[in-house]
Amino acid sequence: MKYLKTTLFLSLASLLMTGNLYGQYSSDRGIGIAENSRPVTDVVYQAPDSLDAEKIKTKQIHVAFDIIEQKDKPSGVSVLNPDEFLNTDYSSSLYDVTGRVGGLLWYNNIWGLGDALIMIDGVPRNLNDVRLEEVEQITYLKGASKAVLYGSHAANGVILITTRRGKSQEREINFRVNSGISTPKLLPEYLNAPDYMTLYNEARMNDGLSEFYDPALIENHRSGNIYRYPDLDYYSSEYLRSFVSNTNVNADISAGTENARFYANFGWINNTTLLNYGEGSREMDNRFNARGNVDLRINNSISGSLDVATIIYNSRRGLGDYWANAGTIQPNKYAPLIPIDLIHPDAEESLILAQNSKNIIDDNYLLGGTQEYLTNPIADLLAGGYNQYINRVIQITNRIDFDLSRMLSGLSFHTQFNADYHNSYNQSINNEYATYAPTWNTTGPDSIINLQKFGEDIRTGTQNISGTSQVRNLGFSMYFSYKKTFNTDHNITGLLIGKTNYISTNGIYQPETNANLGLQLVYKFKHKYWVDFSGALDNSTKLPENKRIGISPTITLSWLLSEEEFLAGSGTVDFLKFSLSGGIFNTDNEISDFYLYDGTYAPDRYFSWHDNLYLNRSTTALQGENPDLTFSKRKEIFASLEGAFLDRLIWFETTFFMTRMDGLPTQRFSQYPSYFNTFVPYVNYNADQYTGVDFMMNLNKNLGDVNLNIGLNGIYVKSNAAVRDELYSFDYLNREGKPVDAIFGLVSDGFFNDQTDIDNHPKQAFGEVVPGDIKYVDQNDDGIIDANDEVEIGKWTSPLTLFLNFSMSYKNITLFIQGSGSTGGNGVKNNDYYWVDGDDKYSIVVTDRWTEGTSSTASYPRLSSQSSTNNFRYSDFWIYGSNRFNLARMQLTYDLPARILSNSFIKGFGIFVNGSGLLTISKNKDILDLTVSGEPQMRYFTAGLRAKF
């Protein structure tokens, strides 16, 4: 192996030094780069743009450990080629391609099963590690039979990303730059200081307490001196920009000959943030990436590749959590700045205190605060310092391919090694600062007669390093590939695979490992009938030694109906293929930690004997032992149908699937007495089932100079908690038989109107209730409303998700529009914006509160200055539907006509404007578009150009 790697590097160096990178190979007997490592070049698959039945036969796609022709594409697989849409729907993020694939609930969730395994050039990596401009092809391995070769970690499906490679052609350079702005969709609305104080008084009176704020004081906060009577709005233009700017630059270069090819990509992304005050105005994100992929043919039998990618990411932020504080600190609590010029001339000590401050803002202001708020988010931005998050990534992938056809026709051997290193840390300047609370005069013009100082101004100038993370990702795979056609009609393909991966993180003792053997045997007859057996021998270090090996068998049958005589001459059917697949897939994804099979004990309470001479400590069990804990299993059957009709007018692909995740680890508390619950072991018992259909449909029509393309992609999936360990008093409390993501809570029945209403209603066991509190339904008629009255009130995930893609081209102008929609899901209004009690900050929603005068129209319970446990708990009162339609993306593109560039060194030139996150249409739009205690959701607008040289 060392010799081969040395040969690879020396060959590359020799080619570069002799200038032979573009020369011709001296032998005419060369085989080129081995078939399984060659890049997809002139023919790749994207059904909407090219449905010619003959071309479909020659297109190529990447699947697990292989490159195959489109006509042999397995069921449960979808493919995207960014080259075919990137110019008319530009984005640098792989998160934005979700709408082009059926079967995704979101960017990495296939069929509702959870996070899919991301494989970039055959290595488990993160979507953030690659930009869309670097990607040649994205393959979604949705079915178990297609993901099984990657082992137990791939049980939720695989997203296989293949980066671009050089081509046998003259040098080609692509350049793209775009810049734009983004604006908040919606900002939270909170009551101003006088309104907050007024309603807080109301809350106290509802609790039988006296008013806290004097009416005169409230009026002063409405119209008085803002430094004495503050009314702080964290979302005002004083602290926030109206928009955020962003810039994106990308360039790539590729070239090569039959013997040596290279591809290089360089990119830079810069973003600012909404904060525009103090350190916030300097907040910024910078990401630089570089990639180099080199392919070499060393001799007639050996070829290889070396890929190197690096990412440098810096993110600068002011210290403190501005957005979280903005949603919690009341508007009247403190003035962020105290004017020095309002200090009374006779308050000499206060003047000296002010003059000695190291943080005088704009030559006139001290940092304000109180004994309750010794620090605050405004002062943090002005004097607290900053934090810079730094992330460095380098990824190296080396592949060597051997053509063994001299030994056995059709046989080849392939190896791949990767070494990735991620290093991240926080580099910060942490300053301490003093804040000041003024005492104001009681007569005459406003002036400060005394200052109380909290804290000290300390600036050490020391850079602090924290949060250091070092992640190493090492992997190796090797496999034999056999491809042979006998007597024209009989094609046999075989793969024998061995792979391992090791990911270690500093500070975590147990590394994440994955190792498996894979076997695939495929027989094709006349490329009309397929039998595909794919399986894996899985290994998991999360299981007991005698249970660490599992066998995952799958089988797929396919039939290319369009090649049959009864359809071959049809003028209607261009392409039609049916597949049926089933299998059992072992997985340890659901095993949350290592050593769950071991009995675990920990120190517990201290005790001593009667003489008190010695202090002893007891030991308690945390979980029991189960030496038979084993893999969970994905048991699945699915059927797929793919076709093209009416001379390429219509194309579709659909899959019906039934997937059961069986043997999910759980502790069966129902089988043990309560005093034994610390000894309960984990066992394979629970099960979840997912049934649904995904679909991709496309209509492509040319009308003279106009080309219309309409695509509809989506998924409908229904989940079911098939087996649960549970022991409830009433059947309706059972989670078994309900959706996996079901939301349980009480059913509300309006508000209590008066004491008589309360007296005549079953007792609610969540604290004392008064008129204006939420009334609940007694499900079991036992006269008490408690946790036993909770029922299913919704589900988190929308079962139906749709994406509509529309493209219209007229000569050199293209308009692209993407809409997305979902229905059937729910959310819960359960954050501090909606659940307001005690002295919480009041949002605008409390204006619809219950009072005696609004009892018939109120949509919010009464206010309370105490803990309101009766009102703020899961119930259908707080449920909202997440049904929505989004105008997700839009782009207008103009390409300069080729005739204008015919005598130029520029081979292509285009300009574009686009937007994303543009519009939400929903009954609950204001809820869906709102982010509380975090950076707001944004709308993006961009203009850019691209050129090809």
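Let me start with one contact in this predicted model: the side chains of K73 and E642 meet in a salt bridge, with N and O 3.4 Å apart. This pair links distant parts of the chain, since K73 sits in the loop between strand 2 (66–69) and strand 3, whereas E642 belongs to strand 29 (residues 632–645), 569 residues apart. Are these two residues buried or exposed? K73 has a relative accessibility of 3% and therefore counts as buried, and E642, at 7%, counts as buried too.

Strand 3 runs antiparallel to strand 8 (residues 135–141), and four bridges join the two; within strand 8, T139 is the bridge partner of V79.

D757 forms one with K775, the closest N and O atoms being 3.1 Å apart, and because D757 lies in helix 10 (residues 755–759) and K775 in strand 36 (residues 774–776), the pair ties together parts that are 18 residues apart in sequence. D757 is buried at 17% relative accessibility, and K775 is buried at 11%.

D195 and R222 also form a salt bridge, at 3.7 Å between the closest N and O atoms, and this pair links helix 4 (residues 193–206) with helix 5 (residues 215–223). Here D195 counts as partly exposed at 31%, and R222 is partly exposed at 44%.

Finally, a network of salt bridges links D89, D96, R100 and R889.

How values were computed
Residues are numbered from 1 along each chain as its sequence is written. This is a predicted model: local features need pLDDT of at least 70, side-chain atom pairs count only at pLDDT 80 or more; totals for chains, interfaces and linings use all residues. Side-chain values use heavy atoms; hydrogens and water are left out. Two strands pair if DSSP finds at least two bridges between them. A salt bridge is a side-chain nitrogen of Lys or Arg within 4 Å of a carboxyl oxygen of Asp or Glu. Buried means under 20% relative accessible area, exposed over 50%, partly exposed in between (1.4 Å probe, protein chains only).
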